[in-house]
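I opened the notebook to record a few look-ups in one structure. The entries below follow the order in which I made them.

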Amino acid sequence: MLPGKKVRSSSASGRLETLRVPSILSELRSTGEKTRTTSGPGGEKVTDDSSASRRASVSEDRREQPEWLVRELLKQNRRRHSVTLGDRAQITRQQLHPSIDSTHSFKVDEKISLDNLQKLKLAFEEFETGGLRSIDAKNFGRIVKKCLGFPNTSNAQIQGLFKKIDYSGQGRISWGEFCTHMLQEYKEKEETARRSKQVAFALPATTKALCHSIPIINIHSTHDGTVVTVREDGAVCYWSPDLKPQRTKHMFNEGPANRKSKWASDFTLMTEYNKLTIGTGDREIQFYELSTLEPYCQINTLDTIPLTLDYGYTGPDKCCILYGDSEGCVNIILISSVGDTLRLWNKLPKIENIPNIAIENAVLSPNVTFVRWKVHQDWVTQAKYLPSLQAVISSSNEEASSLVIGCVLPLTDAEQQLSEIREACYEGKTKKVQLSWTPQLRASCNQTVFTIYKGVKTFDLCQKHSLLVTGGMDRLIRMWNPHFSGKPTGILKGHSAPIIYLCISSEDSQIFSVSIDSTVKMWDIQDQCCLFTADPKATGIHGDISACSYSPTMKSLYVAADCMAVLSLKISPQLRLRRLNVSHNEPVMCCGYSEEFRQVVSCTEGSVVKVWDFDTGRQVFEFGGTHDLSAITCMTFDPKGRRLITGGRDGSLKIWNFNNGQCLKTLKKDGECHEVCDCIFLKVHRNSLVMAVGRSWKIDIYSDIPEDPHHIQRPRPSWQDDMKNGHKGDILCVTHCPPSLLATSSYNGEIIVWNVVSGRIQTRFVSPLPAEHQNVEGLDTSVPSMVFLKNPKLQRFSSATALLSSGAMGYINLWNVLSGGKFVSSFQASRFQQKITKLAKTNKDALYAADRIGYIYVYDMETFAPDAKQKTPRAENFWRAHTNRITGLQIVDNDQVVLTSSMDFTVRLWSAHGEFIGTFGQSETWSVHISSSWMHPAVPYEVLIDPLSMPDHEILKVKKSLSDAINPHKTEADLEKLKSETHTKLRLSPTTISDIEEN
């Protein structure tokens, strides 16, 4: 036992012993910061931070203001051509359009505090004492302004909150309804935050058996993901990120055969200088070429064995090598002109096949400074160099000085005690002193000491979060502010064995910890909670762990025990490319637009519902995603746009208040339920109905009665015609033509038109096959989308009513639904013979069609009046919007934009002409009515790089030579065909093709 070491009984309760001393980090940071000072009274210097605060304010303002908004606002003042500091405040107050204001507006319900709630409750109670159990919108706005203390709060914001609570449109709300809305909203926000932090390792771990019993002393990874390990016997192994051995070399087997065995204590990588550095039990620090593993040079005759080794890059051609030893000392070697110094050492005489220099000779160089600090009273368990603070942090199992953050060189004037060091720092002066191994003691103001029960075995420090974490024998992870050693900011409990490894992932705000029993945990820094636990049974990692390392590049944890193992974080492949903007983390099944709130709602396969601000593209709210909810397959809104109806794969429908995530009702049949494929909300006379179709082959009809207290609601009796003569296959689509027509389509190509008043079949069709595909077997004849068409110019149809439906091979079929009904004509909408998955129409005679590979085509409805002389309708415009099947297509006529969703995880907004406005969830906001805020002329990156987006031109075909592609002997017909194909092949941006004549 070392003299003076404190001993604590194992039965004593653990407690924190603190030393309240100034933080060395604060002093080190202050030396690197330059602040403007002025002379105060008495010659005292006063720091003036006003300019810094102004710069920070301006910088923050610039981050808040989108560049397009600044440009647009400056256009209002033609006499000014620059933005000054005073303009910033003016810009924030200006409003070009309500959509711009929404970029910086605040939500009323986010400003309500507990005191505000008390005042609101009293205000509601005043109305109740007057005989009213609820209040209207006008009185609600009055009391909200009064109770919140914001008399200038926008009436539109208050009315928006009122409408969210009054989802049924009664015009009045009660105190109970107000509280229910607030509680439900906060509950869903907490659940969303929890879901966003869900992480997991891919289990079991990928393992690679080791054909030896010699422990691996450490693991490091390079920038390209290559993993480097060194065994105790000096064997270096390079691994691929998935643990495929790439190269192995024994570094200590090149000397004389009769020499005693050498062992490695630790190693580190000097990537800036392409060196691998190994500390040995013979008191040496050896340098090897990182790329070839050839010996380069070594420093020997160290006074102690380097138990733990670290390297830090301190500046251009400067570095720091430090090691901790068994005497509790931290030894620091500072090297300037690193390249020249190492090359000089490389030319010295060799000892055991490696150029050698003794430490006594190395420190005589003006480029080398050696410092030895006495820090601990026990072995050093870990030591690190902090480049940003120019400080060293070290730990030991001793309690009194468990962890110490100290300076590299002394910050105080210790002329007599450190004269040798000062002389060593004086570059260019010849050193005439002998190296002294007597360790120096730092002054108390030059270090910060952390006293921790049972000491520290491992630690990590993150400058981004200003966080220090420690772990050791007491199985607790302590979180510290590195500037204050008095008390930890948090304690993470959960490990049942001593902790041997800690790592902070600053990018993901997570902590990784490994205990001696092979248990791996992930923790969230902000919430200070455990996110994931992997025990040895799940990971397959067994035996004594000798080394661990987390690779931020590969997002993988490497562990060396009885085998070499890697635990990789589960990351969606679509999210690995940072440049891709996605709206969801899974396929989007449907989307819709609520005109009441100017919001977009999108639903996913994982039952997650997101609400977006239509005017900016920002996410407003999110709910769902729980295990008790099945995948959402379809959605619609009630006529007022305040409630959301979703259909699920479990056969049920749910009605939601989508502004707070409250499930208002569940519509479900008795007995066995089948997947719902489509649903609509319609009114028949005074009755509000929800209709659903799907794999049950029947039409389910539910009454919409908001005041009905029953949460689960059963369907009305089915139509007799539906029971006897309905569909004989899965029903994929349902659409309504007011006042009385309803059309349903099935997987086998059958379309039935119903009278919703009588429930009788009016007519039925079977989708025809294209003439050129009449004898093709296995052709997809399903009808996933339909739309009714009313156009007075359609003179061939009674009452000018027609039905458009998607057909086989990318065709659209046109039907007359009245007078017995008949097939009129068809045309190929998809230029690549892909199934049309969605159809939508505008109020101004335009039809939009979306296909299975992400293309959107625009047609003029006037061309749907075929006669003997009329040619096949031509697309006025087309573009590729997504890289996968389009699942949602809606036209917002008032704003002249197109809303789309797709299986490629995105929801996007386009102008009516196909100009790309943006992807919901992208970092940059937009304004629908300001084209300079749009992404146009850019296109989505994933669309740009998708192979199906590449043009198919003769000159690009490798099978043909250049001379063949520009062959002058081609006939005029061939050239015309090639020209047509050039324009009709896959396109990236909107293209007008009115000038293309089809043969």
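Entry one. I noted at the outset that this is a predicted model.

Entry two. I looked up strand S40, residues 644-648, and asked how many of its residues are buried. Five of the five are, so I put S40 down as largely enclosed by the rest of the structure. I then went through the two sides of the strand. Leu 644, Thr 646 and Gly 648 lie on one side, Ile 645 and Gly 647 lie on the other, and all are buried, which leaves both faces of S40 covered.

I checked what S40 pairs with. Strand S39, residues 632-637, pairs with S40 in the antiparallel sense over five bridges. Within this pairing I found Thr 636 with Ile 645 of S40 as its bridge partner. The two strands make a hairpin with six residues between them, and Gly 641 in the turn has a positive phi of about 75 degrees.

Entry four. S40 also pairs with strand S41, residues 653-657, in the antiparallel sense, over four bridges. Here Gly 647 stands opposite Leu 653. This hairpin has four residues between the strands, and I wrote down a positive phi near 90 degrees for Gly 651.

I turned to the rings and found 27 aromatic pairs in the structure. In one of them, Phe 623 and Trp 656 have ring centres 5.1 Å apart and planes at 45 degrees, so I logged the pair as tilted. It links distant parts of the chain, since Phe 623 is in strand S38 (residues 619-624) and Trp 656 is in S41, 33 residues apart. Phe 623 has 1% relative accessibility and counts as buried; Trp 656, at 7%, counts as buried too.

Entry six. Tyr 855 and Tyr 857 form a stacked pair, 6.3 Å centre to centre with 25 degrees between the planes. Both tyrosines, Tyr 855 and Tyr 857, are buried. I also listed a cluster in which ring pairs link Phe 124, Phe 140, Phe 162, Trp 175 and Phe 178.

I asked which residue has its charged end over the ring of Phe 252. It is Lys 262, at 5.6 Å from the ring centre. Arg 831 has its charged end over the ring of Phe 878, 5.2 Å from the centre.

Last, I looked up Thr 268 in strand S10, residues 264-270. Is Thr 268 buried or exposed? At 5% relative accessibility, Thr 268 counts as buried. Beyond its neighbours within four places in sequence, Thr 268 has contacts that include His 220, Lys 275, Leu 309 and Tyr 311.

Terms used: Residues are numbered from 1 along each chain as its sequence is written. This is a predicted model: local features need pLDDT of at least 70, side-chain atom pairs count only at pLDDT 80 or more; totals for chains, interfaces and linings use all residues. Side-chain values use heavy atoms; hydrogens and water are left out. Buried means under 20% relative accessible area, exposed over 50%, partly exposed in between (1.4 Å probe, protein chains only). Contact means heavy atoms within 4.5 Å. Two strands pair if DSSP finds at least two bridges between them. Rings of Phe, Tyr and Trp (its six-membered ring) pair if their centres lie within 6.5 Å; planes under 30 degrees apart count as stacked, over 60 as edge-to-face and the rest as tilted. A charge sits over a ring if NZ of Lys or CZ of Arg is within 6 Å of the ring centre and within 35 degrees of the ring normal.
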